[in-house]
Amino acid sequence: MPNIVYRSRKDFTSSHLISMIDFHVKLPAYTMTDLSQTFFCCSSLAIITGASRGIGRAIAIEFAKRFEDRLHLVLTARTVKGLQETSSLIESLDKYSPERISVTIVPGDLRDGTEFPGLLDKLFSDIDSAKYQQAVLINNAASPGDISLLVRDFSPVQATFIQEYFFSNVTSTLLLNSRLISSFPMSGQGSGATNPVRRTIVQVTSGSAIRAHASFSLYCSGKAARDMLHKVVAVEEPSVRVLSYDPGEVDTAMLRQITHSISPVTAKLMTDLLKVAVTPERTAGVLCDLLHKDEYESGAHIRWHPQISSSLAFLLSQLSPEQVEVSVGPLRLNSPDASKTSFTLS
């Protein structure tokens with residue numbers, strides 16, 4: 001089935017995200033690959049950071065609901081209590097059975113560079129790659145940094161804090177990616193090499209990776225660095241599926257925290273976003289749908305934004321079929337230009 005593409009360019013007002021949208025929408029003919037059909041149907045290891053609450057917890061629970069074959073969840077976060085609660089919620093599912101789902105909790109602090117090597121070893125300890133058909137890493141853990149400071153307010157006094165921030169949000173992610181790839185290496189050599197274990201790396205990203213917000217210097221730069229890191233992994237490791245998933249506005253403890261930005265404009269922005277935020281469970285379900293369909297370009301930044309989708313639906317209804325094409329799906333961010341964001345709906 002050929003793609004049908006119409007183009008239209010219109011001013012679109014959204015106080016909280018964009019000023020211009022470039023419509024380039026494709027209606028795909030879904031052709032499920034063997035791998036996409038088996039994402040939730042094969043023996044899998046899934047390591048999830050920041051799994052004690054919010055999106056990380058929701059992804060862990062959604063995985064436990066969807067996987068049909070044996071699933072070993074390795075959950076990490078700073079708080080033991082939160083991890084235990086996540087594990088208890090999984091064990092309370094109707095679908096849960098200890099023969100099918102095992103949960104390992106590994107408390108640890110990604111900010112501590114001296115302790116991180118030990119945490120990394122614990123996350124991958126007793127893991128026999130031969131037991132799994134699939135290895136999944138969800139880089140979810142993140143923090144906003146100090147949102148009480150503008151760039152001009154930083155001084156050498158904060159140098160250690162800044163280093164800890166980037167270690168927690170960028171360096172640790174790089175090392176986790178490296179360990180997953182090396183723990184489940186490609187077998188064979190040369191161009192005919194094959195990989196017996198499917199490997200998928202997902203990082204939970206944000207629109208702040210491409211758009212600047214006052215007082216968010218650490219958060220925006222950390223997210224931008226992580227986006228590029230995962231693009232590089234996609235280039236270096238063609239056999240690894242890599243996705244930067246932007247969940248949109250989600251009602252989490254972190255979003256509520258960042259409504260207290262020192263910048264009045266940013267504080268109002270975040271407060272407005274909280275009013276339309278979705279639940280972690282809802283966006284975790286969308287992520288799982290993307291992983292199941294397996295139609296994303298490896299390394300892509302995919303944004304799911306139900307509020308904009310609703311606004312677009314109204315706008316599209318005002319246009320003739322010759323002006324724009326209608327489709328349904330997540331938003332893909334293509335342009336780093338903060339004044340004009342380009343989207344592809346697929």
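Predicted model: local features only at pLDDT ≥ 70, side-chain atom pairs only at ≥ 80, totals over all residues.
User: What makes the overall confidence of the protein what it is, and where does the pLDDT fall below 50?

Analyst: The mean pLDDT of the protein is 79, and 73% of its residues reach 70 or more. Over residues 1–37, however, the pLDDT is below 50, although the model gives this stretch 97 contacts beyond near neighbours in sequence. The pLDDT also stays under 50 over residues 189–193, a segment with three contacts beyond four places in sequence.

User: How many helices and strands does the protein have, and what share of its residues is buried?

Analyst: The secondary structure comes to 10 helices and 11 strands. Of the 346 residues in the protein, 50% are buried. The protein exposes about 16,000 Å², and carbon and sulfur atoms supply 55% of that area.

User: Why is His213 called buried, and where is His213 found?

Analyst: The relative accessibility of His213 is 18%, which is under the cut-off of 20%, and His213 therefore counts as buried. His213 is found in the loop between β7 (198–204) and α6 (217–236). Leaving aside neighbours within four places in sequence, His213 is in contact with Ser208, Cys220, Thr266, Leu269 and Met270.

User: Why is Thr279 called partly exposed, and what separates Thr279 from Ile55?

Analyst: Thr279 has a relative accessible area of 41%, which falls between 20% and 50%, so the term partly exposed applies. Thr279 lies in the loop between α8 (264–276) and α9 (280–293). The C-alpha atoms of Thr279 and Ile55 are separated by 8.5 Å, while the two residues are 224 apart along the chain.

User: What makes the buried residues of helix α4 line one face of the helix, and which elements do they pack against?

Analyst: The buried residues of α4 (residues 116–123) are Phe116, Leu119, Leu120 and Leu123. Seen down the axis of α4, these residues fall within an arc of 100°, and therefore they line one face of the helix. They pack against β3 (44–49), β4 (71–77), β5 (101–107) and α5 (159–183).

User: Which residues have the most contacts inside the largest nonpolar core, and which helix supplies the largest share of this core?

Analyst: The largest nonpolar core has 39 residues, and those with the most contacts inside it are Ile48, Ile59, Phe63 and Leu73. Helix α2 (residues 54–66) contributes the largest share of this core, seven residues. A second, separate core has 27 residues, including Leu45, Ile47, Phe116 and Phe184.

User: Which residues are in contact with Ile48, leaving aside its neighbours within four places in sequence?

Analyst: The contacts of Ile48 are Gly56, Ile59, Ala60, Phe63, Leu73, Val74, Leu75, Thr76 and Ile138.

Key:
Residues numbered from 1 in each chain as written. Heavy atoms only, no water. Buried < 20%, exposed > 50% of the residue type's maximum accessible area, 1.4 Å probe, protein only. Helix = DSSP H or I, 4+ residues; strand = E, 2+ residues; numbered from the N terminus. Arc of directions from axis to C-beta. Contact = heavy atoms within 4.5 Å. Core = buried A, V, L, I, M, F, W, Y, C linked by side-chain atoms within 4.5 Å. pLDDT = per-residue confidence, 0-100. Areas by Shrake-Rupley, 256 points an atom, 1.4 Å probe, with all protein chains shown as cover.
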